[in-house]
Amino acid sequence: MKIIPPDKIANEILRIMDNARKYLILVSPYNDWRYWYEFERKLKKCLHKKLIVCLYMKEKDLRLINFNHWYELGLRIFKIENLHAKLYLNEKEVIQTSLNLLYYSVKFSFDIGSITITDEEYKVYKEYFDK
């Protein structure tokens, strides 16, 4: 496992999105990426490539993001009560962090994260997630 410094977390999430080949899983209780244009662009690219893209979230606030639009593009949205975890993964890597997918957090919050660097580490997260 490798620590991701606060100023690199957003870029690592974007990199995981770029490297996804089969699926992308986003676990973020709170979401508002309206002004995080690079994230939106990469999310659309994943959906256009017909990847399985799932968003696990705590609440839907349609005033912030038009989730119907994203659903129509193919984003699978799941609501989980009491969700607190923030995980971002593709078929090879997992990022665990304190960062929600909020533009404000990307710009102004002090978060930290870690990324898996071995297959064994990835497998532990994936097995837990698959439960």
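At what angle do helix α1 and helix α2 pack, and how far apart are their axes? In this predicted model, in which local features need pLDDT of at least 70, side-chain atom pairs count only at pLDDT 80 or more, and totals for chains, interfaces and linings use all residues, helix α1 (residues 9-19) and helix α2 (residues 37-48) pack at an angle of about 15°, and their axes are 9 Å apart. Residues are numbered from 1 along each chain as its sequence is written, and side-chain values use heavy atoms, with hydrogens and water left out. Helices (H or I, at least four residues) and strands (E, at least two) are DSSP runs numbered from the N terminus, while axes are lines fitted to C-alpha atoms, for helices over the stretch in contact, with angles running from 0 to 180 degrees between N-to-C directions.

The angle makes α1 roughly parallel to α2, a label given to angles under 35 degrees, whereas those over 145 count as roughly antiparallel, 65 to 115 as roughly perpendicular and the rest as oblique. On the α1 side, L14, M17 and D18 meet E38, F39, K42, L43 and C46 of α2, where contact means heavy atoms within 4.5 Å. By class, this contact of α1 with α2 has five nonpolar, no polar and three charged residues; Ala, Val, Leu, Ile, Met, Phe, Trp, Tyr, Cys and Pro count as nonpolar, Asp, Glu, Lys and Arg as charged, and the others, Gly among them, as polar.

Aromatic pairing was examined next. A search of the whole structure finds eight aromatic pairs, for which the rings of Phe, Tyr and Trp (its six-membered ring) must have centres within 6.5 Å, with planes under 30 degrees apart counted as stacked, over 60 as edge-to-face and the rest as tilted. One of these is the tilted pair of W33 and F39, at 5.0 Å centre to centre and with 50° between the planes. W33 is buried, with a relative accessible area of 0%, and F39 is likewise buried, at 0%; buried means under 20% relative accessible area, exposed over 50%, and partly exposed in between (1.4 Å probe, protein chains only). F39 also forms a stacked pair with W36, in which the centres are 4.9 Å apart and the planes 25°, and W36 is buried at a relative accessible area of 6%. Ring pairs link W33, W36, F39, F67 and W70 into a cluster.

L73 belongs to helix α3 (residues 67-73) and is partly exposed, at 29% relative accessibility. Although L73 and H48 are 25 residues apart in sequence, their C-alpha atoms are 7.8 Å apart in space, and L73 touches K44 and L47 when residues up to four places away in sequence are not counted. In strand β5, K79 is exposed, with a relative accessible area of 53%.

Strand β1 (residues 2-4) holds I3, which is exposed at a relative accessible area of 56%. I3 touches I112, G113 and S114, again not counting residues up to four places away in sequence, and its C-alpha atom is separated by 9.6 Å from that of Q96, 93 residues apart along the chain. F110, in the loop between α4 (103-108) and β9 (113-115), is exposed, at 72% relative accessibility, and the C-alpha atoms of F110 and I16, 94 residues apart along the chain, are separated by 20 Å.

Two further loop residues concern backbone geometry. K50, in the loop between α2 and β4 (52-57), has a positive phi of about 65° although it is not a glycine, and K50 is exposed, with a relative accessible area of 72%. N82, in the loop between β5 (76-79) and β6 (87-89), has a phi near 65°, a positive value in a residue other than glycine, and N82 counts as exposed at 68% relative accessibility.
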